[in-house]
Amino acid sequence: MTREEALERLDGTWSFELRGDQVMIRELSLLSAVAAIRREGFVGEHARVARPPQGAAASGD
Amino acid sequence: MRAASRGECESALAPVCCDVWLTRLLEAITGADRPVVLLGGETYGVPFLIDALGDEARVAWLSLPERVRDDPVGQGNALARAVNQLTGESLLPHALPYKAHLQLLRQYRHDLQPLWIAVSNADVAPSFAAELVTLQDQGYRVLIAFESGHAPQVEGLSRCQMVGPEVLHVTRDEADLVLPAGLPEDQAEAIYSESGGRFTQLASLASEAARLPRLPVPSPHGPILPRQRSEAVDIPLAVLALRREGRQLEALELAVRGAPDMVDELLRTAGPAYQDEGALPRLHLLLSSLPQPYRSQERTLEWRFLAAAASNESASLMDEVDAFLEGFDAPDLRARRAGFDIHDRGFGLAESAVRSRRTPLTLWQYGRLHPDLARGAELLKESVQLAEERGTPYDVARNAGSLASRLVELGQYRRGASWAQYALQVFDQNGLRDGARRLRLFNELAVARILTGDLAGLRRGLEDSQASIEGSLPDMAASYRSTLAWFEQASGRPEVALELMRATYEGSPRVSKTRFAYQLVRCLNEFGRSDEARRVADEAMELSGAAIEKPRLWGLLAWGMANTASTEDEVAGALLDVMLARELPAEQRVSAALHYLLVAPDGWHRLPADVVEVLKGLHPVALRVLSGPAALFQRVWDAIVPVRAELRLEFLGRVGCRLNGKEVALAPRLAEIALALALHPDGLTRQRLNDFLAPDTGVGLSASGMRATLTRLRGLLPVSEAPYRFTVGYTADILDARNHLLDKRVREAITLLRGPLLPGSEAYGVEEQRWILEEELRQAALAAADPDALFDLADRLGDDPELWSATVEALPPGDPRRALARARLRRSGGDVDPYRANSARA
């Protein structure tokens with residue numbers, strides 16, 4: 001399945017509303033979790049989760 | 001007017017007072033004699049109404065997220081989550097299409113009701129909502145809420161009571177109670193006018209005017225902000241928060257959209273979560289939507305491959321996966337790839353994967369694909385150990401399930417049952433949700449248990465599972481029907497077994513027909529329907545085709561079994577071919593062997609050694625399941641399990657009598673006398689026999705009537721003159737059950753209780769013995785605290801609070817039967833923690 005086909009099929013089924021680089025959140029429990037992560041230092045945790053791509057195949061999309 | 005009423009308000013939604021509005025609408029909803037559809041959604045305050053309904057009644061509330069649009073499994077998961085949260089147990093499985101849940105809700109209606117099922121945001125899946133409406137006919141109350149102000153044109157919704165914006169709308173008088181006391185009239189008018197009578201907006205503006213904290217909107221997942229007040233959060237931060245909250249599915253989805261660099265790492269936990277929820281098709285879409293280079297990272301590619309396979313699209317990724325494997329070890333990806341290759345090459349790949357790294361997955365695949373079945377079993381056992389040390393509970397359950405399956409294939413039924421039971425325990429106790437996998441595990445357990453003669457705890461699970469998946473998972477339903485047919489054959493209900501196998505055979509596609517033909521032939525043979533058996537076998541032979549080995553062998557097996565009346569060498573040859581085919585599961589080879597021995601009684605020496613080993617260890621129940629009828633096969637069975645007595649009697653759930661291997665039909669009165677004699681080996685006087693036979697409130701037989709009856713019995717069975725007793729050695733199921741109880745084998749005893757002692761008999765002695773036996777079993781089950789034995793017995797004996805209470809105690813957490821046991825305990829008047837009064841949200 002190409003990326004375009006997948007995006008087309010996903011259209012209208014996304015759980016979140018995005019605005020640019022941000023997501024709109026309504027749930028109070030989730031906002032509390034966000035606040036807690038902010039307090040603990042968001043950057044460090046993000047760095048631990050995200051990894052630079054490696055072992056990527058050379059083939060195109 | 002506002003000031004006077006405001007102080008009296010006791011609304012649960014304080015600080016906003018909306019008692020009058022709520023009361024009016026709750027009366028409209030609860031008073032409706034039809035399912036209710038609310039139109040207008042959150043704007044018109046629908047979440048507040050559902051939340052308030054939960055204060056008055058038991059409500060399973062689910063809100064459909066956008067991602068389950070066109071996804072019957074996701075819709076089923078949402079329903080299961082809501083009901084399970086309400087019951088506090090894992091009653092409904094996940095990862096199955098919602099039709100399975102509807103069926104289970106119909107089956108469990110008496111245990112779950114009274115219950116409201118409320119669905120909000122139903123716009124996502126109107127057809128699902130329309131099917132939920134049918135539950136109202138089963139005694140549930142159903143409330144469907146659409147965000148839109150108009151109901152979609154879907155068949156099934158037109159019968160509902162529509163409550164639209166014109167009714168939900170807050171009147172000016174009701175608004176006066178919502179607005180803060182002392183608010184100037186013109187300001188109140190302005191707020192009301194701005195809100196347009198829409199409750200949520202009105203309440204929000206009222207909070208603001210009163211300088212109170214913003215009013216949260218109820219939802220099944222806890223309070224949420226009104227839509228216009230939602231907060232913008234950086235995507236990576238929100239992904240982390242979702243992950244922290246355990247919401248793996250949403251975390252991954254959001255990362256795919258806005259933080260693709262997080263996806264590969266997230267898949268470590270999110271991949272198994274998608275698999276466990278039966279959401280691999282959606283994962284396939286999500287990962288396919290990733291841009292390069294993210295979509296070709298190692299773990300991402302592995303999950304893309306697995307997810308594509310779940311959507312039958314793995315072929316499109318083969319080249320990409322193979323290219324990747326040329327450059328990288330990627331042991332887990334390699335092991336996944338191995339499962340999709342032809343046997344030798346697949347095994348080679350699995351071998352190289354495990355050589356590269358021993359992981360729960362690589363070792364599992366290596367064991368599964370190993371051509372030597374026994375060696376494969378050893379490897380699978382190692383893979384379970386490795387999963388316990390380094391893997392997830394899902395790995396453990398999967399690997400243990402495959403080990404169980406392999407052991408059953410090898411004919412090691414007792415060991416297979418132990419591993420299947422362990423896999424299920426791991427599954428339930430760790431809250432795993434993949435309903436399809438659980439169904440496979442339970443089916444494996446049932447097959448192994450039936451072939452070891454241990455039927456305790458199986459009936460309810462088999463029947464409920466089969467009914468739930470009929471129509472939605474046809475292959476699985478067919479497997480369950482064939483297992484149930486074995487169960488019924490083992491339980492002495494061959495007519496039910498035949499019905500099940502007929503339905504399975506006739507409803508199956510061509511290749512599966514061949515697979516099930518031999519079981520149908522077995523059932524037909526029980527009733528001597530040889531013409532039909534031969535017709536089925538001929539059809540199976542024709543449909544199997546000669547090119548593919550297994551279907552050809554299945555066709556041969558059915559044909560051989562259907563033609564045992566013939567002494568032609570061709571029949572023996574066909575059965576011999578099947579016996580020698582090591583690629584077939586043991587039960588098929590053993591079936592062939594039993595029928596071969598019927599055709600060639602002196603042919604033991606031609607049986608393969610491994611088949612002989614399985615045969616010699618077979619439980620008598622397995623012999624009956626795999627071959628029959630007894631009139632033909634008794635001598636074959638006797639050669640395997642020697643018979644100890646000339647006379648065999650059965651009184652539990654049915655009447656059965658065999659004298660020297662030949663069936664004897666006993667009329668009800670003669671069966672009662674046979675029972676009396678069986679229970680009194682030293683004999684009974686005429687008076688005592690008459691006392692035994694007399695109805696509770698009536699008189700017994702006259703002297704001449706007794707003489708005539710005994711003469712009739714003597715014409716069938718060897719009975720002495722008074723004191724009356726059998727003059728040959730005999731066994732009886734009621735005596736076997738009591739012997740099992742003496743030896744504390746309560747599962748075996750309960751397995752024998754196929755039904756009440758001589759059902760329908762009103763003889764005093766029979767009724768007394770029936771009560772005594774049930775009480776003996778009851779006490780033994782309570783003392784043993786065996787969950788299967790307790791559940792079976794409690795289910796059979798009905799409202800017995802002590803038994804149900806012990807069953808709740810004995811069943812492990814996560815076992816779906818716990819919810820039923822708790823409900824039965826409640827219904828039988830026992831002491832149980834009541835379900836939470838307010839609604840469950842999912």
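B:Ala232 is the bridge partner, within strand E6 of chain B, of A:Met24. This pair belongs to a contact between strands of two chains: strand E2 of chain A (residues 22–25) and E6(B) run antiparallel and are joined by 4 bridges, where two strands pair if DSSP finds at least two bridges between them. The model is predicted, so that local features need pLDDT of at least 70 and side-chain atom pairs count only at pLDDT 80 or more, whereas totals for chains, interfaces and linings use all residues. Residues are numbered from 1 along each chain as its sequence is written, and chains are lettered from A and ligands numbered from 1 in the order in which they are written.

In the interface, 50 residues of chain B are in contact with 41 residues of chain A (C-beta atoms, placed from the backbone, within 7 Å). The elements of chain B that give two or more residues to this side are strand E6 (231–234) and helices H12 (235–244), H13 (248–258), H14 (263–276), H15 (280–288) and H17 (318–327). H12(B) gives the most, with 8 residues. The side of chain B that touches chain A comprises 23 nonpolar, 10 polar and 17 charged residues; Ala, Val, Leu, Ile, Met, Phe, Trp, Tyr, Cys and Pro count as nonpolar, Asp, Glu, Lys and Arg as charged, and the others, Gly among them, as polar.

Chain B as a whole has 44 helices and 11 strands, which are DSSP runs (helices H or I, at least four residues; strands E, at least two) numbered from the N terminus. Of its 842 residues, 53% count as buried (20 or more other C-beta atoms within 10 Å of the residue's own, with C-beta atoms placed from the backbone).

Key. Buried ≥ 20, exposed ≤ 12 C-beta atoms within 10 Å, placed from the backbone. Contact = placed C-beta atoms within 7 Å.
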